[in-house]
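Hello,

Here is the structure I promised you. Please open it first, then read my notes below.

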Amino acid sequence: MATKSKQKIKPLRLAKAWSYSPAPESASIAQIKDQYELFINGKWQKPKRGAYLDSINPANEKKLYRAAIAESEDVEKAVSAARTAYDKYWKKMPAAERGKYIFRIARLMQEQARELSVMETLDGGKPIRESRDFDIPMACNHFFYYAGWADKLDYAFSNRKAKSLGVAAQITPWNFPLLMAAWKIAPALATGNTIVLKPAETTSLTTLKLASIIEEADLPAGVVNIITGAGPTGSALVRHGGINKIAFTGSTAVGKLIQQETAGTHKKLTLELGGKAANIIFSDAPIDQAVEGVVNGIFFNQGHVCCAGSRLYVQESIAAVFIQKLKDRMATLLVGDPMDKNTDIGAINSAAQLEKINYYIRLGKKEGALHYQSDALLPKKGFYCRPTLFTKVAQSSRLAQEEIFGPVLAILTFRTEDEVIEKANNTPYGLSAGVWTDKGSRIFNMSRRLKAGVVWANSYNLFDPASPFGGYKESGYGREGGWHGLLPYVTF
Ligand code: NAI
Ligand code: MG
């Protein structure tokens, strides 16, 4: 079955075999306001200094809405509302009652799932298929899951009495806006904390919609506060002396800043930062499934995924066949309107992110790697990038070491298990990895030796609310999801 890498393999060119008629989802279900205020103490409040920022639809560059910019006075108001709500209601409320509120949020989200999906796609550029089938259902599931834990904390931590921390400050990124809000809000509420959350400035819409769902669920005022704004708002929140805990997901650079800010304070911190995951294919792997896994791992959500399988390690004996199959599959991927149900790769989230991706594509070529891109047609307006791969990538190159956060795959080869473990672990990150092999013992060996918070075996990018997720090294610390996800929000 071994194929010499020099052997010429004929491309299949599947893309030309058929085409799809457009199947756009209707945007009319989403009731998007022109302007959103801050959700503080159960009320929609104007920002003190009256400043707003625009959020666009990255698929067509048109303005979608504007959201308030919370300045330090507004942050102050939000934190003090969260503190009052904590002291007055939330920490005294019987746990089973808390659980009912979380269930109510989950059910309301589920009822409004279609609108949430459309909003997520319009604001962030991800394909509607992903928002509809992954982001929104998974966000609902997190609320359902943690609702169940609220009155079972004594079983979660046997012989210990878990106490809530107080006010949690939570900052989320733009790649999975609602899902990241769910990962943060649901366990914090279940453990009895109150919240001030700031979504990313390019994708605040579904979190603002979640604020109105929380209003509808009749949560006591101030238990969840949502404030919008960019880096300075996040920074003011992190520095506030009245918070007990910070949960951050985003870039490693900002994560390090936050770590510096909180050093020597009483604030508990969890960080979920970047990644440069290795997806490792052994010669005995089910090749076609593995090709799908690789495609799913790096092109899913435009590669805007911290756990994206952005480095492919393929065993030398099958490299030529594998890479050709991958190129054939890439040629069939549809890049374009995220609202079209056929679209595989939607819009890049912002002009700045597209520029970053293009910078790395130029860099890869300069570093001497071989570049391949599908010839997918791109819309004229909006931010788009064709699925891209590089072969002949050097382990030490920046292409293989740095997080790109786009649909760009760096391919390297290996001969032995020891060699690939050494190479896979050789980055500053350690968030996730994938192993494809028919051999069970190898999977156990690899998952033990790979320094990654998650190791997927013969699969990639699978999530479940009951499974913990988080990193090693510069990918951050602390876990979200599962029983482990309760720990960052309690003390004993
Ligand atoms: P970022 O880290 O600046 O943004 C994440 C969140 O942090 C946003 O809500 C942002 O407003 C907030 N923020 C920014 N500066 C802050 C500060 N000083 N204090 C507190 N909060 C602050 O990420 P950015 O610039 O949007 O993306 C840059 C790169 O970061 C991406 O290209 C990607 O490589 C990586 N990234 C990783 C993510 C992950 O899931 N691990 C998510 C988003 C970006
Ligand atoms: Mg937007």
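How do the residues of the shell around ligand 1 divide into nonpolar, polar and charged? They split into 12 nonpolar, 10 polar and 5 charged. Here Ala, Val, Leu, Ile, Met, Phe, Trp, Tyr, Cys and Pro count as nonpolar, Asp, Glu, Lys and Arg as charged, and the others, Gly among them, as polar.

Two notes on the source. This is a predicted model, where local features need pLDDT of at least 70, side-chain atom pairs count only at pLDDT 80 or more, and totals for chains, interfaces and linings use all residues. Residues are numbered from 1 along each chain as its sequence is written, chains are lettered from A and ligands numbered from 1 in the order in which they are written, and side-chain values use heavy atoms, without hydrogens and water.

Now the ligand. Ligand 1 is surrounded by 27 residues (a heavy atom within 4 Å). The closest are Trp174, Glu201, Ser251, Leu273 and Lys356. Polar side-chain atoms lie at these distances from an oxygen atom of ligand 1 (a polar contact is a pair of N or O atoms within 3.5 Å):

- Ser251: 2.6 Å
- Lys356: 2.7 Å
- Asn175: 3.3 Å

Next, a strand (a DSSP run of E, at least two residues). Strand β7 (residues 167-171) runs parallel to β8, joined by 5 bridges. Ala168 stands opposite Ile195.

Best wishes

Definitions and conventions
A polar contact is a pair of N or O atoms within 3.5 Å; within protein, one must be able to donate a hydrogen and the other to accept it, and residues adjacent in sequence count only if both atoms are side-chain atoms. Two strands pair if DSSP finds at least two bridges between them. Helices (H or I, at least four residues) and strands (E, at least two) are DSSP runs, numbered from the N terminus.
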